[in-house]
Amino acid sequence: MDVIIENLPLYWNGFLRTLFLSAVSGIFALILGTLLAAARVSPVAALRGFSTVYVEVLRNTPLTIAFFFAAVVLPRIGVKFEQFEIAAIIALSTYTAAFIAEAVRSGVNSVPVGQAEAARSIGMKFGQVLSLIILPQALRTVIPPLINILIALVKNSSVAGAFFVLELFGYGRQMANANGDAVIAVLLGTAFFYLLLTVPLGILANTVERKVAIAR
Amino acid sequence: MSSVLYDVPGPKARRVSLIASIVGALLILGLLAWIVMTLAQQGIFEARRWQIFTRADVWRLLGNGLGSTLSAAALAAVIAFPLGLLLCLLRISDAAAIRVPMRVILEFLRGMPVVLMMLFILLGFGTSAFIAVVAGLVLYNAAVFAEIIRAGIQSLPRGQREAGLAIGLTSYKSRMLIELPQAIRRMMPSLVAQMVVLLKDTSLGYIVAYGELLRAVQVMADFLGTQYLFPIFFVAAAIYIAINISVSRLAVWIERRGSKKAAGGTAKAEPDVLEAAAP
């Protein structure tokens, strides 16, 4: 227990870094994922094809491979980063975007057909149908799964710790190596800080799920 | 659904769409060409870099790595599923003394990064990397399996259990004979999707120095020279992705087959459960 209290500043730094990585990657992933989902249902075949291939490949790529590519392979072939945080954000947001795209697409599919038909029958174009009618309803139904994806993102950000970024997992590993006699306490402390993020998010997902459930 | 979003394209819209398609394809091709040019400037495509794949020992090492990946995933899946069933039965037990602590344990297991659990087992119990990887995967995935099966049981009509109890089955027998078989069948797509996640998570073994596919790439690159890193990484990533896509296809196929069988019924899993299992 003393180990945890002694190292509280390190835990706090790691916690903030994890929060930062998750928040930035989460925002990028939400934007990219929604664009990919829109491309997936668009009338332009090239966009549909690109989005399908992207989602299929990224969803089936192990996260470690994505990180290895961003942090080890990219610098070797000439893409240099000032900080490895950037590599981590690239890996996390491109990976998570694929899952968000799938979730948003399933949300689009859950909007009753009549909504799109009604919108078209009053003369709306594809962009208007999507942005004014379909997406607002779709996003609402997919908020709980989106929060679940963000929980997974927080947990996935731990992989960054193995690729030269000092966040919660990175500090945890460092402290475990430094305090060989108190490994269990150190790592339980790390786990606690992760739970501090994931458990409230989980509760939020459940609450929102009950709140936004639309009776159809 | 996608066809509902826009009108059947007329001649003008078709022309615009065709042009947009061509422009989009050109943009993507241009991006690819730029990547290929950049790589070529680094000398990635020189034949000597790819000649290592004519060596048998490179393939043998890759094969070993793949073998380690698959054996860890298989062992973890075989242990995690029954354990998940057990955890699920405890989680929905009639006795609050069992149900409530179980709930806390499952929340704890699901809320932690898998790689942290692996490190915990590796350092905390001083096990081998293989055991750490398998145990980490088992703990996490058993908890997820338990939640998926629980969602399946809760999605059953209440009459199923009531009928089971009414004909004199004990609570346990009703779970085993009436509810579980239906719940597992209903949740098959989610369960297989979670298997893909498990297979993908095996790559986390790289971080705890387990000799899986990615670690084999790293070892070979260190040993043969970093100029071979990209070719070896490329092949290993392709192998990983190909295997995962095949298993994902299997999940889709099972889902289709399931929904065809239960025509009119609702064989589809709860969407949020599917998503929770996804990343």
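Tutor: One definition comes before the questions: helices are DSSP runs of H or I with at least four residues, numbered from the N terminus. The model discussed here is predicted.

Student: Where is Phe164(A) placed, relative to the helices of chain A?

Tutor: Phe164(A) is not a glycine, yet its phi is positive, at about 70 degrees. Most residues other than glycine have a negative phi. The position of Phe164(A) is the loop between H8 and H9 of chain A.

Student: Is Phe164(A) buried, exposed or partly exposed?

Tutor: A residue is buried with 20 or more other C-beta atoms within 10 Å of its own, and exposed with 12 or fewer. Phe164(A) has 16 other C-beta atoms within 10 Å, and therefore it is partly exposed.

Student: Which class of burial applies to Gly161(A)?

Tutor: Gly161(A) is located in the loop between helix H8 (143-156) and helix H9 (168-178) of chain A. Beyond its neighbours within four places in sequence, Gly161(A) contacts Glu167(A), Phe169(A), Gly170(A) and Arg173(A). Because 28 other C-beta atoms lie within 10 Å of it, Gly161(A) is buried.

Student: What distance separates the C-alpha atoms of Gly161(A) and Asn109(A)?

Tutor: Gly161(A) and Asn109(A) are 52 residues apart along the chain.

Student: How far apart in space are Ser42(A) and Gly127(A)?

Tutor: Ser42(A) occupies the loop between H2 and helix H3 (45-59) of chain A, and it counts as buried because it has 21 C-beta neighbours inside 10 Å. Neighbours within four places in sequence aside, its contacts are Leu47(A), Arg48(A) and Phe126(A). Along the sequence, Ser42(A) and Gly127(A) are 85 residues apart; the distance from C-alpha to C-alpha is 8.9 Å.

Student: How many helices does chain A have?

Tutor: Read along the sequence, the pattern of chain A is α-α-α-α-α-α-α-α-α-α. Chain A has zero strands, and its helices number ten.

Student: What percentage of the residues of chain A count as buried?

Tutor: The C-alpha trace of chain A spans about 70 × 45 × 25 Å along its principal axes. Among contacts in chain A with a separation of 6 or more, 77% join residues 24 or more positions apart. Chain A has 216 residues, and the buried share is 49%.

Student: Which element of chain A has the highest mean pLDDT?

Tutor: For chain A the mean pLDDT is 88, with 98% of residues at 70 or more. The lowest mean among its elements, 82, belongs to helix H1 (residues 2-6) of chain A. The highest mean, 93, belongs to helix H2 (residues 8-40) of chain A.

Student: How many residues does H11(B) give to the side of chain B that touches chain A?

Tutor: In total, 50 residues of chain B are in contact with 58 residues of chain A. At least two residues of that side of chain B come from each of helix H1 (11-41), helix H4 (96-110), helix H5 (114-124), helix H11 (229-261) and helix H12 (271-277) of chain B. By class, the side of chain B that touches chain A has 33 nonpolar, twelve polar and five charged residues. H11(B) gives the most to this side, and its contribution is nine residues.

Student: How are H3(B) and H10(B) oriented to each other, roughly parallel or roughly antiparallel?

Tutor: The axes of helix H3 (residues 56-91) and helix H10 (residues 213-224) of chain B come within 7 Å and cross at roughly 150 degrees. Angles over 145 degrees count as roughly antiparallel. H3(B) and H10(B) are therefore roughly antiparallel.

Student: How many residues of H6(B) are buried?

Tutor: Helix H6 (residues 129-154) of chain B reaches 38 Å from its first C-alpha to its last, close to the 38 Å expected at 1.5 Å a residue. H6(B) is mostly covered: of its 26 residues, the number buried is 21.

Terms used: Residues are numbered from 1 along each chain as its sequence is written. Chains are lettered from A and ligands numbered from 1 in the order in which they are written. This is a predicted model: local features need pLDDT of at least 70, side-chain atom pairs count only at pLDDT 80 or more; totals for chains, interfaces and linings use all residues. Two residues are in contact if their C-beta atoms, placed from the backbone, lie within 7 Å. Ala, Val, Leu, Ile, Met, Phe, Trp, Tyr, Cys and Pro count as nonpolar, Asp, Glu, Lys and Arg as charged, and the others, Gly among them, as polar. Axes are lines fitted to C-alpha atoms, for helices over the stretch in contact, and angles run from 0 to 180 degrees between N-to-C directions. Angles under 35 degrees count as roughly parallel, over 145 as roughly antiparallel, 65 to 115 as roughly perpendicular and the rest as oblique. The expected span of a helix is 1.5 Å times one less than its number of residues. pLDDT is the predictor's confidence in each residue, from 0 to 100.
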